[in-house]
Amino acid sequence: MDYSYEYLLVRYGELSLKGKNKKNFINRLRENTKKALAGFKKCKVEAGYDRMYIYLNGENPDTVSEVISKVFGISSFSLAMKVPADMDAILEATKQACDLSVPKTFKVRARRHDKMFPVISDQINRQVATAILKNSDWKVDVHHPQVEIIIEVREDAAYIMTDKIAGAGGYPVGIGGRAMVLLSGGIDSPVAGYQVMKRGIYIEAIHFAAPPYTSSNALDKVKKLGSEISAYQGDLVLHVVPFTTLQLAIYHYCPESYAITIMRRMMMRIATELARRRHCLAVATGESVGQVASQTLESMSVISQVACMPILRPLVCMDKIEIIDLSRKIGTYETSILPFEDCCTIFTPKAPTTKPHLDKCEEYEAKWDWQTMVEDCVNQAEMIRLSPNMDEVEDEEADLF
């Protein structure tokens, strides 16, 4: 009988620690998985207490695996064959699951969930290993095998799997509420968004555009970054704020050394107000201590004074190399280094202060009616929904999670 991969067996990871709340986490993960697989019409998702099963029903297992690998809340998964709980069927399916024509090292790890099955786990291991050794040039390596064959015998059937594929880990997106991420065109902020999503928080993003000083290419770059990280939660609402008028006022009324600090305070005011309107519980940034003038402890303290909600800084103690490595892993690095500058880099002063004083900031801000400008920025923000395939839909009534 011919066997083929029919299922993905999904393992939960951190969800197993949630006790009485575990059901809520599993339900959210199931819905997120269905959303991620919306383009695979034949797939069916079933979630149990300790495992989730994705029935392929003819869909390409490699393509489905690529999508599933980005769903937070999944510790690992394996492509699986479902066969009758019978040793002859298990042996035949195992040989078909492995390409025995190419010599490799292997290990068999069987688990007998159904204690009524007449063959114990150790005997399953030995019988399967013997069958492979007799029919190939494969060799056993229990410590560092090239292929790990996993066999789970349950009451309904036996499942044959070759290797575990690492999942994204973390918590299912949406279980931890909603946050607004400041998304620039740089390396750090997309990584920060990824880290926030990994803790189960659904994100929206805000970007500050300053045309004609920033180009349409810079905005397209940010949309592409938004599209790339949207793959980890299914979509992304991007708010594009027209910042030119307010930014020019800052440079008119404030000394150059304080311009970046005041600009960041205005951005934080706009971000927190827009976050409040969108029912977000926090604002997130890509700040890392000491990386630039506005990211010293003194600067972050002064900037944080204007926030009316928690500020999440998931990269705060990471160095640049670590951030770059993670940006490569999640697929945003090549877009982030495209040579289109945002409003922060274009207006960078020659000698920004690294130790701003709160009283000085308040003194400079008292020189003009910035409150009206901030309100205008919030009211005039353009809302765009992005998807992983770079489709873009203007959406003034984006659904809340």
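Helices (H or I, at least four residues) and strands (E, at least two) are DSSP runs, numbered from the N terminus. On that basis, the secondary structure of the protein comprises 14 helices and 16 strands. The model is predicted, so local features need pLDDT of at least 70 and side-chain atom pairs count only at pLDDT 80 or more, while totals for chains, interfaces and linings use all residues. Residues are numbered from 1 along each chain as its sequence is written, and side-chain values use heavy atoms, with hydrogens and water left out.

**Overall dimensions and composition**

- The C-alpha trace of the protein spans about 85 × 40 × 40 Å along its principal axes.
- Of the 401 residues in the protein, 53% are buried; buried means under 20% relative accessible area, exposed over 50%, and partly exposed in between (1.4 Å probe, protein chains only).
- The protein exposes about 18,700 Å², and carbon and sulfur atoms supply 50% of that area; accessible areas come from the Shrake-Rupley method with a 1.4 Å probe, and for residues only the protein chains shown count as cover.
- Among contacts with a separation of 6 or more, 78% join residues 24 or more positions apart, where contact means heavy atoms within 4.5 Å.
- There are 48 positive and 52 negative side chains, and the centres of the two sets lie 6 Å apart. Lys and Arg count as positive and Asp and Glu as negative, without His and the chain ends; the place of a charge is taken as NZ of Lys, CZ of Arg, CG of Asp or CD of Glu.

**Nonpolar cores**

- A nonpolar core is a set of buried Ala, Val, Leu, Ile, Met, Phe, Trp, Tyr and Cys residues joined through side-chain atoms within 4.5 Å. In soluble globular proteins, nonpolar side chains tend to be buried together.
- The largest nonpolar core has 37 residues, of which Ile206, Phe243, Leu246, Ile250, Met266, Ile270 and Trp368 touch the most other members.
- Elements that each supply at least two residues of this core are β10 (178–182), β11 (202–209), α7 (244–253), α8 (256–277), α9 (297–304), α13 (358–365) and α14 (370–380). Helix α8 gives the most, with twelve residues.
- Isoleucine 250 touches Phe243, Ala259, Ile262, Met263, Met266 and Trp368, when residues up to four places away in sequence are not counted.
- A second, separate core has 35 residues, including Leu183, Met318, Tyr333 and Ile384.

**Cysteines**

- The structure holds zero disulfides, a disulfide being a pair of cysteine sulfur atoms within 2.5 Å.
- Cysteine 280 is buried, at 6% relative accessibility, whereas cysteine 308 is exposed, with a relative accessible area of 57%.

**Backbone geometry**

- Most residues other than glycine have a negative phi, and most peptide bonds are trans.
- The peptide bond from proline 211 to proline 212 is cis, with omega near 5°. Proline 212 belongs to the loop between β11 and α6 (216–230).
- Asparagine 57 has a positive phi, near 50°. This residue sits in the loop between β3 (52–55) and α2 (61–68) and is partly exposed, with a relative accessible area of 46%.
- Histidine 279 also has a positive phi, near 65°. Its place is the loop between α8 and β13 (282–284), and histidine 279 is exposed, with a relative accessible area of 54%.

**Selected positions**

- Tyrosine 194 lies in helix α5 (residues 188–198) and is buried, at 3% relative accessibility. Leaving aside neighbours within four places in sequence, tyrosine 194 is in contact with Phe72, Tyr232, Leu326, Lys329 and Ile330.
- Tyrosine 194 and arginine 328 are 134 residues apart in sequence, with 12 Å between their C-alpha atoms.
- Glutamate 273, in helix α8, is partly exposed, with a relative accessible area of 22%. Glutamate 273 and glutamate 375 are 102 residues apart in sequence and 8.7 Å apart in space, C-alpha to C-alpha.
- Glutamine 123 is part of helix α4 (residues 121–134) and counts as partly exposed, at 37% relative accessibility.
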